[in-house]
Amino acid sequence: MEKNDLRVIKTKNILFNTLLELMKEKQFEEIKVSDICSHALINRSTFYSHYNDKYELLEEYINTLKDSLIEELSKNKNINNTKQYYIELIKLFFNHIDEKRNIYISAMINNRNSITMDIIYDVLNHEVTKRLNDIEFKNKTIPVEIISKFYLGAVFNVGIEWLKNQNKYSKEDLVNYLDKLIPDNL
């Protein structure tokens, strides 16, 4: 079967959505392939024709999230200065979280999946480090990777906090708070 076969795409989407729903109810480690199949209304043989196990399903699912985050971050063309770049990155990251809230909550809050968290963090870190190396920033005494990790740690943790307590702060409020915390002369 072709990778672009609509039946394959449909089956994989059903499996992704089923995994997401099950991860809302219980930890990933507690989920069995049989649970996924029964909730998705597919045969185990269909599952195994696409994936070797539930870990492979999760890996592909996380990779689709990663790819969509990379695509979203590539929209940040604002490279006039480091602060403006960071603020735009924060907006794009929070928009991605907002659009894919169920995925982030299931994988990062309900399941505390460190693999997902590491992948998302690595995507952000790679993007920021690459961009900071491309632009002229004022603070030449601190290595780019230290600046990147320092501010990304803050943004990443604020994003997690926002997911946990979505009604406490608006996305706009958080961007404004972070804008005040990032110095102009970065």
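This report covers the fold, the nonpolar core and the salt bridges of one predicted protein model.

## Basis

The model is predicted: local features need pLDDT of at least 70, side-chain atom pairs count only at pLDDT 80 or more, and totals for chains, interfaces and linings use all residues. Residues are numbered from 1 along each chain as its sequence is written, and side-chain values use heavy atoms, with hydrogens and water left out.

## Overall fold

The protein has 9 helices and 0 strands. Helices (H or I, at least four residues) and strands (E, at least two) are DSSP runs, numbered from the N terminus. Along the sequence the pattern reads α-α-α-α-α-α-α-α-α.

Of the 186 residues, 46% are buried. Buried means under 20% relative accessible area, exposed means over 50%, and partly exposed lies in between (1.4 Å probe, protein chains only). The accessible surface comes to about 10500 Å². Carbon and sulfur atoms hold 49% of that surface. Areas come from the Shrake-Rupley method with a 1.4 Å probe; for residues, only the protein chains shown count as cover.

Contact means heavy atoms within 4.5 Å. Among contacts with a separation of 6 or more, 67% join residues 24 or more positions apart.

## Nonpolar core

The largest nonpolar core has 57 residues. Such a core is a set of buried Ala, Val, Leu, Ile, Met, Phe, Trp, Tyr and Cys residues joined through side-chain atoms within 4.5 Å. Phe47, Phe93, Phe94, Tyr104, Ile120, Leu124 and Phe156 touch the most other members. Eight helices each supply at least two residues of this core: α1 (6-25), α2 (33-40), α4 (54-73), α5 (82-99), α6 (101-110), α7 (114-134), α8 (144-164) and α9 (171-181).

Phe94 shows the packing in detail. Leaving aside neighbours within four places in sequence, Phe94 is in contact with Val155, Val158, Gly159, Trp162, Lys171, Leu174, Val175 and Leu178.

## Leu19 in helix α1

Leu19 sits in helix α1. Its relative accessibility is 0%, so Leu19 counts as buried. Beyond neighbours within four places in sequence, Leu19 is in contact with Phe28, Ile31, Ile36, Leu57 and Leu58. Leu19 and Lys54 are 35 residues apart in sequence, yet 8.9 Å apart in space, C-alpha to C-alpha.

## Salt bridges

Side chains of opposite charge can pair when their charged atoms come close. The structure holds 8 salt bridges. A salt bridge is a side-chain nitrogen of Lys or Arg within 4 Å of a carboxyl oxygen of Asp or Glu.

Lys12 and Glu60 form one of them, at 3.4 Å, N to O. This pair links distant parts of the chain: Lys12 is in helix α1, Glu60 is in helix α4, and they are 48 residues apart. Lys12 is buried because its relative accessible area is 17%. Glu60 is partly exposed at 25%.

## Pairs within a helix, and a network

Glu21 and Lys24 meet in a salt bridge at 3.1 Å, N to O. Both lie in helix α1, 3 residues apart, about one turn of the helix. Glu21 is partly exposed at 41%, and Lys24 is partly exposed at 34%.

Glu127 and Lys130 meet at 3.8 Å, N to O. They are 3 residues apart in helix α7, so about one helical turn separates them. Glu127 is buried at 9%, whereas Lys130 is partly exposed at 40%. Elsewhere, a network of salt bridges links Asp98, Arg101 and Lys171. Lys171 is also among the contacts of Phe94.
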